[in-house]
Amino acid sequence: MTERQGLFTVQTSLYLSPDNRARLEHLVRERHSNPPDVVSQILADYPLTRLPAETDGVEGEPIHMRIYLTPEQRAAFEAHLAARKMTLSALVSRIVADHLATLPAPPPAPPPPRPKVDLAKRRADLARLKARRDEAGKNAPAWLHAYIAQMEVELRRLEREG
């Protein structure tokens with residue numbers, strides 16, 4: 001572990017269920033922070049005298065991250081891990097998962113905005129294709145006629161919606 005500004009920076013993995021991962025992402029956005037700071041704050045708020053003895057139920061894809069521990073936290077975690085023969089990632093995952101389980105489910109993500117359609121550009125494209133068709137006259141390929149018809153239908157639909 002390396003010491004940084006009175007804190008120990010530790011690389012570990014966090015294992016969270018998809019629901020808890022969504023809660024963590026929401027918490028990070030809500031606090032306008034970053035994941036290592038949020039997870040480090042959750043760990044800082046957890047009482048060192050009540051570290052979990054079991055890490056059952058730790059699941060999910062690993063999220064690799066750094067956490068910041070005070071010297072007191074580091075000593076307590078090292079003693080707890082040695083006494084229980086568990087890994088730091090399992091301990092941290094259990095503490096974070098327990099905290100996140102107390103939070104309400106995040107609101108559903110808003111639907112992505114519909115892309116703006118540039119009607120003027122579509123009209124210009126259609127005019128260009130019609131000019132190409134007219135220039136070819138009766139020798140214009142059938143696919144060009146079909147494509148122009150499709151573009152006209154699509155343009156009318158977009159004009160009605162917009």
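**Note on helix packing and ring contacts**

1. Helix H1 (residues 18–31) packs on helix H2 (residues 35–45) at an angle of about 100°, and their axes are 10 Å apart. Helices here are DSSP runs of H or I with at least four residues, numbered from the N terminus. Axes are lines fitted to C-alpha atoms over the stretch in contact, and angles run from 0 to 180 degrees between N-to-C directions. H1 and H2 are therefore roughly perpendicular to each other (angles of 65 to 115 degrees; under 35 is roughly parallel, over 145 roughly antiparallel, and the rest oblique).

2. The model is predicted: local features need pLDDT of at least 70, side-chain atom pairs count only at pLDDT 80 or more, and totals for chains, interfaces and linings use all residues. Residues are numbered from 1 along each chain as its sequence is written, and side-chain values use heavy atoms, with hydrogens and water left out.

3. On the H1 side, Leu24, Leu27, Val28 and Arg31 contact Pro35, Val38, Val39, Gln41 and Ile42 of H2 (contact means heavy atoms within 4.5 Å). The contact of H1 with H2 has 7 nonpolar, 1 polar and 1 charged residues. Ala, Val, Leu, Ile, Met, Phe, Trp, Tyr, Cys and Pro count as nonpolar, Asp, Glu, Lys and Arg as charged, and the others, Gly among them, as polar.

4. H1 also packs on helix H4 (residues 88–101), at about 75° and with axes 10 Å apart. H1 and H4 are therefore roughly perpendicular to each other. Asn20, Arg23, Leu24 and Leu27 in H1 meet Ala97, His99, Leu100 and Ala101 in H4. By class, this contact of H1 with H4 has 5 nonpolar, 2 polar and 1 charged residues.

5. Helix H5 (residues 119–136) and helix H6 (residues 142–161) pack at about 155°, with axes 10 Å apart. That makes H5 roughly antiparallel to H6. The contact of H5 with H6 has 10 nonpolar, 1 polar and 9 charged residues. The H5 residues that meet H6 include Arg122, Arg123, Asp125 and Lys130, and those of H6 that meet H5 include Glu152, Glu154 and Glu159.

6. Arg74 lies over the face of Phe8, 4.3 Å from the ring centre (the criterion is CZ of Arg or NZ of Lys within 6 Å of the ring centre and within 35 degrees of the ring normal).

Terms used: Helix = DSSP H or I, 4+ residues; strand = E, 2+ residues; numbered from the N terminus.
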